[in-house]
Every structure is written in structure tokens, then in C-alpha cells.
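Please keep the sequence and the structure in view while reading.

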Amino acid sequence: MNLVVQRINAGFWRGKRVLLTGHTGFKGSWLSLWLQSMGTTLRGIALDPPTIPALFDVARVAEGMEHRIVDIRDFASVKAQFDEFKPEIVIHMAAQPLVRYSYKEPIETYATNVMGTVHVLEAARHAGSVKAVINVTTDKCYENHEWDWGYRENEPMGGHDPYSSSKGCSELVTNAYRRSFLGQSGIAIASVRAGNVIGGGDWSVDRLIPDVLRAFEVNTPVVIRSPHATRPWQHVLEPLRGYLMLAQALYHDPKSYAEGWNFGPNDDDARPVSWIVDQMVGFWPGSSWKLDQSVENPHEANYLKLDISKAKSKLHWRPIWSLSETLSQIVSWHKSWLSGMDMQKASIDEISKYMQSMDTINNG
Ligand SMILES: NC(=O)c1ccc[n+]([C@@H]2O[C@H](COP(=O)([O-])OP(=O)(O)OC[C@H]3O[C@@H](n4cnc5c(N)ncnc54)[C@H](O)[C@@H]3O)[C@@H](O)[C@H]2O)c1
């Protein structure tokens, strides 16, 4: 098998006008730092950071970009940003991304994730500058048959809970825009489906790693709801690298890449929650975890595995960091933050380290 992994072309990104929605969020902040480090002319539109603290604030992400607070549920405001900034590339990440919250607030979830997507695509269509659009959805967009094998990009959309279903809808919107408008105007649009991403700087509620780190910090046992639940965990930089490589490909060859793409981990990194927590406890002396049997949880789909063959063969993308390496990076990022380090520098250094791991794989 050819193990060579395609590099990001930093020269491509230098000076490119990129509009990123959701830049104040966890994934958006990492991507903003990465784009900034390559000299991209970057504008972000989003609401205020969704958590306190947030990577966006801790790593001073706003310093290297044009930061705008815009609600994507308001079409006129979204359109004004596109008309003024004239982006060449659009990466749409803004969303209500939490499953449990979506049960409480389905209207907000659909308004943001479905109509918000329509607004972004409609604004891109009329801007007169856009060449490539990437819509970030999720592995949960697929109708989950609880199969043991991986889902391919041509599998039907679905979703049990409002969040998953809203992302399935966002995929359908993407497809309709591709066929009805964007294809004819020469704008290439792709959607990207990744699984659970983890990394330093995520303080979201109801996500495993932030919950674990919060418990470590206050020296209490981590309370785990579903120790046997298996998820396709991967470091946040892995799918982000996929998005960047796909955007490059879309820009140069709009016809061949304008479709859905899976970016998931290798099979052996689909691990149960208990395995993850055991590893993290190992990295944090004095910590422990216990089982919570007291609460009844709303339905969450069982493991859904992504088939990543297409990204491997057509984009020469594949995961670089093992899950163990990823967890150790997260704990070390978090300890750096707790010790008051410059987290903008620490995060950019982590991106460089990740890129070096890729070179090591290619050279070794
Ligand atoms: N984190 C994961 O494990 C994961 C997995 C698969 C897919 N995703 C997808 O990746 C994207 C980013 O996720 P994240 O984990 O960074 O989430 P996040 O909650 O950290 O960030 C969400 C971003 O969306 C913005 N946003 C929300 N509502 C908005 C609105 N009405 N108008 C403008 N901006 C709004 C927020 O301000 C924030 O910038 C989402 O589309 C999510 O569905 C995330």
C-alpha cells in the first residue's frame, strides 16, 4: 500500500480570501489558527464563543483575522458579509452541534443547521467571488442502521435526534444547491462528514473529554454514563487537514471533488469510553473514574463507522496520530493552559508538530 500522505500546500493558502463560519467554536478556532499560520486573508462570522473559557479567547484567535459577530439565521447579515468580503473559499462550520441540547431546543437546532446553511449557500451563490464551498456536517448525517461495517459517502441520509437529522437536512440542501445553482455557476461545493473530534481547548458540555478534564481539575472522580459506548474518536487536526486538502482540490478541479467526503479515524481507534478514560487517568496522576447509573439518558445512536477509503485513495489523506498520541497531546495542552502558558503559541506549535509527524511518516 502507498503510505505517502499528501501535504497541505501552504503556498496555496497564502493571501487566499477565506470566509469561515463558526470560527469562534472549537473546530473553527483550530482551523483559524492553522489558516492564519499560512498567511490566509481570513474573515470569520459566528456568534460569541459558545463556552467560557473558549479556545477562541484563550488562544487570542481574533488577533490574526477579521472577526465578525453574525447570526447565520439572519440572511441579510450573512449576505452583507459575503458582498463586502468577496471570499474565494467558504468553509461553513457554524452550527448548533450538540445532540442532547437539540432535544431541548429543536427549533433553534433546525433554524441554525438547516436555514443557516441555506443562507450561507445563497449568499455564496450571489457573491460573485466564490470558487469553492465546504459544508461541514457530521458522521451522524447518515441513517444509522447500527451496522458493523463502515458507511460510504453514497449511503442514505437520516438521523434519529434533531441534531443528526438537521445535519442530514443540511446535506440534502447542499446537494440541491449543487444541482440547482452552484454547479452551473462554476462554484464547487462539497460536504464533509467527520466523527467525534477531540483536542485541547474544547470546553463544551456533554462531551467526554471536556467532562473528564473538568473532573481532573477539581480532583473528583470522573462520572461516566456509558462506558461501553464506542465512538470514532480522532484529533481535531485530522479532519481539518482533510477539509484543507479538499478545498485545494475543489479549487483546482471543481468537477471531480464536488461531493460528500468522509474523514474518520482508522478502525483500531474506535474505542469504548472506558478505554479513553483509563488512558487519560494514566496521564493524570491521582485521578479516577466511576460509573453513573442514576440518570436516564435520551437515545443516542450506537457506533457508526465511517468508511474512509475514498479520502485515502482520491485525496491521499489518512489519519496521522494514534488515539493514544492524541489523548496525550490533549492532556499536555490542558496542563499548559492551567500553567498559564501562551496558548496561541502552544496551539500553533501543536499544529507544526502535527505537520512534522506527517513528514516523519512520509520519510520513514
Ligand atoms: N466537535 C465534534 O466532535 C464534531 C463532530 C462532527 C461534526 N462537527 C461539526 O463541526 C462544526 C463545528 O463544531 P464545534 O465542535 O466546533 O462546535 P462549537 O459549538 O464549538 O462551535 C460552533 C460554532 O458555531 C457558531 N454558531 C452557532 N450558532 C450560530 C448562529 N446562529 N449564527 C452564527 N454562528 C453560530 C458558534 O458561534 C461557534 O462559532 C459543526 O458544524 C458541528 O456540527 C463537530
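Helices, labelled H, are DSSP runs of at least four residues and are numbered from the N terminus. Leu 172 has its place in one such run, helix H7. The model is a predicted one, and the points below are grouped by topic.

**Ligand surroundings**

- The shell around the ligand comprises 29 residues, and the closest are Thr 24, Phe 26, Lys 27, Tyr 163 and Lys 167.
- The side chain of Lys 167 places an N or O atom 2.7 Å from an oxygen atom of the ligand.
- The backbone also takes part: an N or O atom of Gly 22 lies 3.2 Å from a ligand oxygen atom, and a backbone N or O atom of Ile 72 lies 2.8 Å from a ligand nitrogen atom.
- The ligand taken alone exposes 830 Å², of which the protein buries 94%.

**Strands and their pairing**

- Strand E1 (residues 17-21) is mostly covered, with four of its five residues buried.
- E1 pairs with strand E2 (residues 41-46) in the parallel sense, over five bridges.
- Within this pairing, Leu 19 stands opposite Arg 43 of E2.
- Strand E11 (residues 260-263) is covered on both faces: Gly 260 and Asn 262 are buried on one side, and Trp 261 and Phe 263 are buried on the other.
- E11 pairs in the parallel sense with strand E6 (residues 188-194), over four bridges.
- Phe 263 in E11 is the bridge partner of Ala 194.

- Helix H9 (residues 237-252) has 16 residues and reaches 23 Å from its first C-alpha to its last, close to the 22 Å expected at 1.5 Å a residue.
- H9 is mostly covered, since 15 of its 16 residues are buried.
- Helix H13 (residues 323-338) likewise has 16 residues and a reach of 23 Å from first C-alpha to last, close to the expected 22 Å.
- The buried residues of H13 are Leu 323, Thr 326, Leu 327, Gln 329, Ile 330, Val 331, Trp 333, His 334 and Ser 336.
- An α-helix has 3.6 residues a turn, so residues three or four places apart point the same way.
- Just after H13, Gly 340 adopts a positive phi of about 80 degrees.

**Two individual residues**

- Leu 172, in helix H7, counts as exposed because its relative accessible area is 52%, and the cut-off for exposed is over 50%.
- The C-alpha atoms of Leu 172 and Phe 263 are separated by 19 Å, and these residues are 91 apart along the chain.
- Ile 320 lies in the loop between helix H12 (309-315) and H13.
- Ile 320 counts as buried because its relative accessible area is 10%, and the cut-off for buried is under 20%.

Note on methods: Residues are numbered from 1 along each chain as its sequence is written. This is a predicted model: local features need pLDDT of at least 70, side-chain atom pairs count only at pLDDT 80 or more; totals for chains, interfaces and linings use all residues. Side-chain values use heavy atoms; hydrogens and water are left out. A residue is near a molecule or strand if one of its heavy atoms lies within 4 Å of it. A polar contact is a pair of N or O atoms within 3.5 Å; within protein, one must be able to donate a hydrogen and the other to accept it, and residues adjacent in sequence count only if both atoms are side-chain atoms. Accessible areas come from the Shrake-Rupley method with a 1.4 Å probe; for residues, only the protein chains shown count as cover. Helices (H or I, at least four residues) and strands (E, at least two) are DSSP runs, numbered from the N terminus. The expected span of a helix is 1.5 Å times one less than its number of residues. Buried means under 20% relative accessible area, exposed over 50%, partly exposed in between (1.4 Å probe, protein chains only). Two strands pair if DSSP finds at least two bridges between them.
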